[in-house]
Amino acid sequence: MIKALRRPLLLTLALLGAVGSFMMGSASAEPRTVLIGLAAPMSGLSGSTGVALERAAQLAVDDLNSGKPVIAGEPVLFKLLAQDDRADPRTGELIADYFVKSKVAAVVGHWNSGVGIPAARIYAAAGIPHVAPAVTAPAYTQQGDASAFRIVPHDGEGARLTADYVVRDLKAGNIAVIDDSTVFGTTYADEFVKSVKALQGRVGARYTVSSKTSDFNSILRAIRDNDPDVVFFAGLDAQAAQLVQDMRRLQVRARLVGIGGVVGPTFLKLAGAAGEGVSVVEPGLPSYKGPQWTHFEQAWKARYREAIYLYAPFAYDAVRVIAAAMREADSVDPAKVTASLHRIRYKGISGNIAFDAQGNLRDPVFTLYQVSQGRWRVIRSMGHSEKN
């Protein structure tokens with residue numbers, strides 16, 4: 001009888017062992033890799049900005065992976081594929097093609113409007129959702145692209161608030177406007193001029209320079225003769241620093257007012273004492289609160305041991321909102337993630353994130369900064385989300 005029972009018992013044990021091996025294999029199976037592309041300038045004049053965006057995005061990816069994410073019942077591992085677009089439109093297009101061929105699930109980028117707009121067309125053709133942490137030109141979300149999103153306000157909103165500040169707060173009766181000839185700078189300057197005129201303000205002169213020039217002498221001599229109250233410059237930090245130094249050297253007494261992308265250590269370092277009194281309206285809150293922000297701040301300082309760059313929270317949130325959309329869709333399929341992003345309501349470290357039909361941020365908020373004693377000081381918050 002013992003011999004009769006032995007064979008079934010051995011068979012049963014063998015089957016249990018096979019099931020156990022299968023279960024162990026499933027539990028220890030390699031998670032599916034989900035690629036998220038990041039494109040920003042990581043070299044050149046804007047290199048410090050791009051590096052900060054990459055760092056913030058990597059922190060977001062690490063945070064997501066630490067939670068052992070599961071999508072559609074399958075463990076996933078998020079991976080950041082970061083590329084230097086050099087603030088160059090053609091390079092941005094090449095990177096966009098590379099992301100498509102690499103089968104990224106989504107893209108965080110770009111930094112420059114002139115790069116982000118043409119790259120967006122490539123992502124749109126491939127159906128890849130892309131969330132910009134810095135592209136602000138209105139045209140970015142006006143190309144009929146359902147997969148384009150931004151978590152920063154667009155230039156029309158920022159220009160309106162900047163014009164209001166210049167005309168009503170500074171009471172500027174004569175304004176000189178300079179743009180850096182990029183899509184970003186020209187668009188912002190156009191919107192600013194339009195808003196100034198709507199407020200019955202006066203733009204006495206309008207100039208355009210190359211985004212690569214460091215020679216403002218002839219323009220500033222003409223501006224000095226016109227004696228404006230404010231010089232409004234639609235360009236980025238390094239060039240704005242050179243401009244204000246030249247203004248003071250040539251004894252142009254007007255106040256310099258800049259646009260988003262100027263606030264940060266680069267301007268302070270390059271402008272020196274000449275930067276005192278410069279004002280800038282930047283997207284985002286002046287400070288962040290809550291446990292999510294505290295975690296981000298501690299992780300950033302522990303890993304990078306330096307101050308958090310102004311746009312870094314937007315890159316962190318861009319990654320997190322993409323992942324949140326994947327969870328809500330229970331899929332990494334780009335079409336389903338895009339649809340989910342249009343419905344998303346997400347609380348990020350930069351504030352409440354939701355998108356309108358075009359992919360623009362709903363209820364944006366801005367902050368007015370001014371240089372005082374060699375530091376950027378917060379003057380006040382501006383915009384719809386001050387109550388959030």
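Student: What is the volume of the largest cavity?

Tutor: The largest cavity has a volume of about 150 Å³, volume being the space filled by probe spheres on grid points joined across faces, edges and corners. The model is predicted, with local features needing pLDDT of at least 70 and side-chain atom pairs 80 or more, while totals for chains, interfaces and linings use all residues. Residues are numbered from 1 along each chain as its sequence is written, and side-chain values use heavy atoms, without hydrogens and water.

The structure holds one cavity of 30 Å³ or more. On a 1 Å grid over the protein atoms alone, a cavity is a set of points where a 1.4 Å probe fits but cannot get out; a pocket is an open set with protein on both sides within 12 Å along at least five of seven lines, and lining residues have an atom within 4 Å of a point. Around the largest cavity there are 18 lining residues, and those nearest its centre are Ala134, Thr136, Phe184, Gly260 and Tyr311. Two or more lining residues come from each of helix H5 (155-169), H6 and S11; helices (H or I, at least four residues) and strands (E, at least two) are DSSP runs numbered from the N terminus. By class, this lining divides into 10 nonpolar, seven polar and one charged residue, where Asp, Glu, Lys and Arg are charged, Ala, Val, Leu, Ile, Met, Phe, Trp, Tyr, Cys and Pro nonpolar, and the others, including Gly, polar.

S11 is a member of an open, mixed sheet of seven strands, ordered S8-S7-S9-S10-S11-S14-S15. Strand S10 (residues 255-258) and strand S11 (residues 279-283) run parallel and are joined by two bridges; DSSP must find at least two bridges for strands to pair. Opposite valine 257 stands serine 279 in S11. From S10 the chain passes through H9 to S11 in a right-handed β-α-β crossover, that is, clockwise from first strand over helix to second with the strands pointing away from the viewer.

On the other flank of S10, three bridges pair it with S9 in the parallel sense, and valine 257 is also the bridge partner of phenylalanine 232. S9, H8 and S10 form a right-handed β-α-β unit. Further along, strand S14 (residues 365-372) is antiparallel to S15, with eight bridges between them; leucine 368 there faces arginine 380 in S15. Strand S8 (203-208) and S15 are edge strands, each with a single partner strand, so one side of each has no neighbour in the sheet.

H6, which lines the cavity, gives two or more residues to the second largest pocket, as do helix H4 (113-126) and helix H8 (237-249). The second largest pocket holds about 500 Å³ and has 21 lining residues, with Ala87, Asn112, Thr182, Ser211 and Lys212 nearest its centre. H8 gives the largest share of that lining, three residues. The classes there are seven nonpolar, nine polar and five charged.

The largest pocket has a volume of about 630 Å³. Of its 26 lining residues, Pro265, Ala307, Ile308, Tyr309 and Leu310 are closest to its centre. Elements giving it two or more residues include helix H9 (265-271) and strand S15 (375-383). Its lining counts 18 nonpolar, three polar and five charged residues.
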